[in-house]
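Dear colleague,

Please find below the structure that I am handing over to you. My notes on what was found in it follow directly after.

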Amino acid sequence: MEEKKKSPYNLWQNTAFMLAQAWKTYPSVIFLCIALAVVTAAQTVAELLIAPMVLQKVEDSAPLKELLLTIAGFSLALLVLSGLKRYLDTNTLFGRVGVRVGLVRQIGMKISRTSYPNLMDTRFHDLENKAADACSGNTEATEYIWTTWTVILTNVLGFIAYMAMLSGLHPLLLCVIIATTAVGYFVNKRINEWGYRHREEESEYIKEMWYIRETATGRSHAKDIRIFGLAGWVNDVWYKSLRLYQAFIRKRESIYIWTNVIDLLLSLLRNGIAYAYLLWLTLTSGMSASEFLLYFTAASGFTQWVTGILEMFTQLHKQSLDISIVRELLEYPEPFRFEEGEPLPKDLPIPCEIRLEDVSYRYPKAEEDTLRHIDLTVRPGEKLAIVGLNGAGKTTLVRLVCGFLDPTQGRVLLNGEDIRRYNRREYYKLFSAVFQEFSVLEASVAQNVAQRVDGIDQERVRRCLEQAGLSEKAESLPKGLQTPIGRQVFEDGVELSGGQTQRLMLARALYKDGPILVLDEPTAALDPIAESDIYQKYSGMTQGKTSLFISHRLASTRFCDRILFLENGQITEEGTHGQLLAQGGGYAKLFEVQSRYYKEGGEKNGE
Amino acid sequence: MENEKTKLTYRQSWKMNLRAWKIWWKLCPGVFYSTLVFSIVKASTPYVTIFLSAQIINELAENRRPEELTKWVILTLFCAAGCALLQGIFSRWANYEKAFASQMDSQIYMKKMLSLDYADIDRQAVFDLYSQIKQNAQWTGWGVHRTLSYFEELVMAVVQIMGGIGLSVSLFLLKVPQNSSLAFMNHPLCVVGIMGLMLLIAVVSPICNNQGNQYWISYASEAKQVNRSFSFYANICKDRKRAADLRMYQQQENVCNIYFSRIEHSTIAKNAKGPMGLWNALSQCITAVLTGVVYAFVCVKAWAGAFGVGSVTQYVGAITQLFQGLSKLLETMGGMRANGEFLQTSFQFLDIPNRMYQGSLTTEKRSDRNYEVEFRDVSFRYPDTDQWVLHHVNIKFRVGSRLAVVGMNGSGKTTFIKLLCRLYDPTEGEILLNGINIRKYRYDEYIRIFSVVFQDFKLLALPLGENVAGSAEYDREQVKKCLAYAGFTQRLETLPKGLDTYLYKDLKEEGVDISGGEAQKIAIARALYKDAPFIILDEPTAALDPMAEAEIYSRFNEIVTDKTAIYISHRLSSCKFCDEIAVFHEGQIVQKGTHEELVADTAGKYYELWSAQAQYYTK
């Protein structure tokens with residue numbers, strides 16, 4: 001459990017924030033709330049009045065015409081009000097969804113563009129999940145707050161109207177109604193908090209069952225489940241969670257039943273007092289039956305307005321906390337400079353030089369540095385390889401070069417200038433990169449290569465696919481380059497194999513044509529012939545560019561101008577392939593292991 | 001899956017609802033009992049209040065006897081309290097049963113998926129069908145689960161209608177005094193006419209409403225596309241694996257936002273301002289007209305002296321409830337009809353047959369592990385495709401030998417293993433176990449002799465020990481031994497709860513994240529724990545660096561002892577120690593032999609593959 005942090009914004013500030021959001025995009029949302037509240041309150045009042053008013057005419061034996069006119073009048077009022085209400089109701093949804101989606105979009109922009117180190121920040125991560133939850137559906141804070149406010153307005157209007165109607169009665173009656181209602185509300189709230197206090201227990205069971213369901217019904221586990229006969233186990237785990245969940249619900253409902261008991265006791269008390277008082281009034285002062293009916297119905301209705309106001313403010317308070325979280329995320333401080341940084345020089349010499357000057361890096365909360373005192377210059381137009389075992393720090397080095405991380409110590413320089421002064425997003429534009437993990441979009445092949453939706457140079461896309469060795473496959477797809485990839489969004493999408501995806505990513509890097517090329521182990525999923533094919537192409541791709549190639553497979557690095565051998569966060573050896581082998585150090589040893597099986601007539605069976 | 005939009009008849013959809021109810025009845029009958037009593041109490045409670053307060057008003061309007069009034073007031077108060085108590089108790093019971101049922105919903109699909117033929121699971125059409133069912137349920141609530149709420153609504157509507165009739169029959173029977181100018185109201189035709197009019201209005205209102213809702217239904221397919229798009233594009237920013245690319249290629253700005261803005265312009269919003277909103281409003285207006293007619297009829301009769309003032313409130317209340325019940329009934333029926341289409345999708349999935357023939361032979365447990373498997377002229381193509389993935393494959397496994405299967409991506413290696421494990425049946429030819437076609441064995445018996453570490457093996461986010469054993473109860477010592485064989489002991493010692501440590505953080509905060517290499521070791525331990533005579537490794541070292549790769553290979557050879565081992569790889573380094581290497585090319589076994597024999601054939605495929613890889617290492 002985290003400590004109760006005071007929310008930076010209160011309920012009114014958050015309401016103002018949402019109003020501003022709506023005002024910018026869908027101002028109708030605000031007007032609809034007000035209109036709906038007025039109409040709803042008016043309709044309720046009309047519904048309350050119709051029975052007693054009509055009854056009065058019957059009781060007084062008023063002329064038939066008068067009776068019928070009264071009925072017609074009320075019916076007309078109801079007709080207009082209920083029709084209007086329904087019409088407004090039908091129309092509220094869309095603007096509200098629009099405002100919420102606007103926030104989802106802002107959140108998306110923030111997360112996908114925030115300074116990379118923020119992504120490793122647990123607080124940021126936490127805010128990210130909670131903010132997404134707060135925008136995830138029609139009943140979440142960022143949308144439901146409109147309903148909450150509509151109901152509050154309705155209740156306040158109703159409260160005032162009923163108060164006016166009941167003003168002829170003894171004020172003590174109103175006090176009794178308000179008091180019993182408030183007591184009921186607060187006691188029930190206390191009881192209902194049980195669910196809130198135990199929400200984690202509940203969500204744990206649900207999460208477990210959901211996970212098992214996804215596992216059992218998904219395709220990715222199907223083979224293992226069959227070969228190892230895991231169905232029994234999977235079901236056991238599911239049923240175990242179900243039993244716990246059932247016990248939980250049983251307990252919860254047996255506690256919640258007290259809210260029903262308290263409600264009925266309090267309404268017994270309240271109605272008893274109201275009946276007694278009104279009967280006394282009727283019998284002593286000769287109040288008519290229709291007046292009795294009016295007052296009694298109004299008294300019960302009054303309870304609902306009071307409850308409504310109390311409930312809605314509690315709800316508003318909770319929603320306000322959620323909205324605070326969204327705002328906190330959107331306003332999360334950025335350690336990097338973006339728009340406020342300097343633009344890259346217009347006459348930036350290309351190819352560029354990148355220099356790491358005494359760079360050390362330690363991950364947040366780590367015990368020791370991942371990289372230590374790295375001095376490294378990637379000369380303009382050079383083909384540089386960085387090799388090393390898993391965990392040597394290769395990926396961290398790439399992140400520093402690409403400007404995803406800032407060094408804990410030392411500087412990263414672009415043509416001699418510290419990259420921290422520049423607008424980081426402009427710096428990113430310099431890179432054509434293929435990382436180990438990539439983001440394939442559920443969009444067409446061409447859009448994936450060009451990384452834009454409109455204004456695609458189709459000819460260039462074709463050329464890049466050709467260069468990456470994917471054009472044959474791409475042309476054979478049902479809609480050619482316009483075929484969507486993935487089936488999450490498009491039902492007619494295609495799934496590419498690992499090797500094909502890697503080629504697609506290569507084509508994408510080519511299309512971008514940045515002056516610096518970074519390839520972080522791009523061949524892991526390829527077979528030997530394809531791998532060798534890519535390496536051949538690699539040489540051609542690096543013309544006129546500064547390039548960085550990262551691998552744990554030494555085989556791939558030989559055509560580079562220079563190879564750095566990274567070990568335990570330090571560059572221990574550097575030189576060409578031949579030089580490194582001759583040194584007989586770590587590189588040579590690793591090469592020996594990898595090539596053992598390939599040497600003609602090499603020793604049998606490894607060790 | 002084609003969206004054939006043939007609207008179902010009430011009869012068809014009713015049948016499907018019955019079938020869905022039958023499924024529920026078997027899974028959780030309690031949900032029917034509890035909602036039945038709850039709905040009855042809930043629907044009849046208003047009538048108790050209507051009836052009793054009418055008595056109070058009547059007394060007030062006429063005699064005003066204090067003792068009578070007190071009697072009725074006390075009766076009203078306590079009956080209302082009694083009803084509230086019953087309703088409270090039953091609603092809690094129903095809540096409990098409903099929470100249970102909404103989880104059991106998963107069981108319907110889990111059971112089916114777990115028993116489907118693998119070939120069907122692998123089929124895109126089946127996958128799409130299931131996704132459709134899931135999306136229908138999640139995004140719009142349509143499907144099998146919704147039939148439970150229909151049950152509740154139906155019971156409620158029926159009780160409401162019956163109660164309304166019960167309390168308002170006398171309205172039509174009580175007569176206006178004969179001498180009144182309104183005596184014509186006693187005429188049966190007039191009574192029937194009024195009833196007919198009310199009924200007509202009551203029916204027209206839901207029709208208008210359905211007219212309006214029609215826009216939602218016809219929006220459904222667009223909505224589905226919008227939801228699919230939204231759930232992808234709103235979430236990619238959170239995927240850390242995408243973080244680098246998102247920044248380097250400005251994906252959010254250039255692609256995601258564009259798709260997003262397409263989402264925002266939906267046609268339904270326009271319809272809501274126009275026809276849809278108007279139809280809905282009209283349906284409410286008509287209801288208001290009905291209220292007016294009811295009041296007019298009741299009050300005029302009372303005015304003419306047919307009954308007292310109190311009865312007016314009773315009749316108005318009862319008739320209003322009655323017609324509300326009626327429109328609820330119509331609405332529910334409309335909903336059931338609309339849901340029929342979605343039920344059809346669900347049943348289409350649940351009715352997928354198990355086509356794979358299952359024999360009854362058992363594989364005798366042989367302590368000598370003397371099993372012999374032979375592919376005899378096996379050809380295969382995936383269902384619904386016309387491309388042969390395997391052509392006339394002939395191969396025999398020698399017991400206790402080490403076989404390597406090599407070839408380029410897409411040469412049929414993995415398919416070969418799928419056939420061996422009978423995840424698929426051959427299209428032509430046959431596979432024999434000890435001379436008998438494997439179809440003649442019981443599948444669970446047959447699969448017992450294979451252990452496979454697939455390239456895309458999966459572990460579950462459950463305790464380590466259970467993962468290795470594949471069950472909740474297991475032999476701890478044996479699991480530890482297998483983990484030791486797989487080289488996991490060192491890591492095991494660092495785990496906070498040993499074998500009971502949860503893998504990954506999906507379910508438990510304190511779960512441990514394991515690297516690809518570690519996961520592989522666990523998967524190998526799982527394969528060993530099964531202790532099957534055949535052990536198959538499908539490209540097991542893709543995630544490992546050369547040091548780890550060398551370690552795994554040398555160790556594995558030791559572990560498998562007298563078992564028959566099959567290695568699949570595109571990295572030829574793993575083949576050298578095998579007794580036999582089968583080279584796959586375009587679905588055929590083009591070469592067979594030891595490494596030395598194959599590499600000597602410089603015209604062969606093996607030599608070509610070998611050279612492509614070896615060129616970087618020689619010299």
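**The sheet of chain A**

In strand β2(A), A:Thr377 is the bridge partner of A:Arg355. This is a predicted model, in which local features need pLDDT of at least 70, side-chain atom pairs count only at pLDDT 80 or more, and totals for chains, interfaces and linings use all residues. Residues are numbered from 1 along each chain as its sequence is written, while chains are lettered from A and ligands numbered from 1 in the order in which they are written.

Helices (H or I, at least four residues) and strands (E, at least two) are DSSP runs, numbered from the N terminus. Two strands pair if DSSP finds at least two bridges between them. On these terms, four strands of chain A form an open sheet in the order β2-β1-β4-β5, with antiparallel pairing. Its edge strands are β2 (371–378) and β5 (417–418), each of which pairs on one side only.

Strand β1 (residues 354–361) of chain A is joined to β2(A) by five bridges, and the two run antiparallel. A:Ile354 stands opposite A:Val378 in β2(A). Five bridges also join β1(A) to β4(A), again antiparallel, and here A:Arg355 stands opposite A:Leu413.

Two loops of chain A deserve a note. A:Pro351, in the loop between α10 and β1, is joined to A:Ile350 by a cis peptide bond with omega of about 0 degrees. A:Lys365, in the loop between β1 and β2, has a positive phi, near 70 degrees, in a residue other than glycine.

**A helix pair in chain A**

Helix α2 (residues 28–59) and helix α10 (residues 289–330) of chain A pack at an angle of about 170 degrees, with their axes 8 Å apart. Axes are lines fitted to C-alpha atoms, for helices over the stretch in contact, and angles run from 0 to 180 degrees between N-to-C directions. The two helices are therefore roughly antiparallel to each other (angles under 35 degrees count as roughly parallel, over 145 as roughly antiparallel, 65 to 115 as roughly perpendicular and the rest as oblique).

The contact (C-beta atoms, placed from the backbone, within 7 Å) involves, among others, A:Leu48, A:Ala51 and A:Leu55 of α2(A) and A:Leu293, A:Leu294 and A:Gly301 of α10(A). Its residues divide into eight nonpolar, four polar and two charged. Ala, Val, Leu, Ile, Met, Phe, Trp, Tyr, Cys and Pro count as nonpolar, Asp, Glu, Lys and Arg as charged, and the others, Gly among them, as polar.

**Domains and the two chains**

Domain bounds come from an automatic or database domain assignment. For chain A, this gives domain 1 (11–330) and domain 2 (354–598), with C-alpha centres 53 Å apart. Chain B is divided into domain 1 (7–174 + 322–353) and domain 2 (383–614), and their C-alpha centres lie 52 Å apart.

Chain B has 21 helices and 10 strands. The radius of gyration of chain B is 36 Å, well over the 25 Å that the globule rule gives for 619 residues, so chain B is more spread out than a compact globule. That radius is taken over C-alpha atoms, and the globule rule is 2.2 Å times the number of residues to the power 0.38.

Between the chains, 119 residues of chain B are in contact with 124 residues of chain A. Helix α3 (residues 66–115) of chain B gives the largest share of the chain B side, 20 residues.

With kind regards

Technical notes: Two residues are in contact if their C-beta atoms, placed from the backbone, lie within 7 Å.
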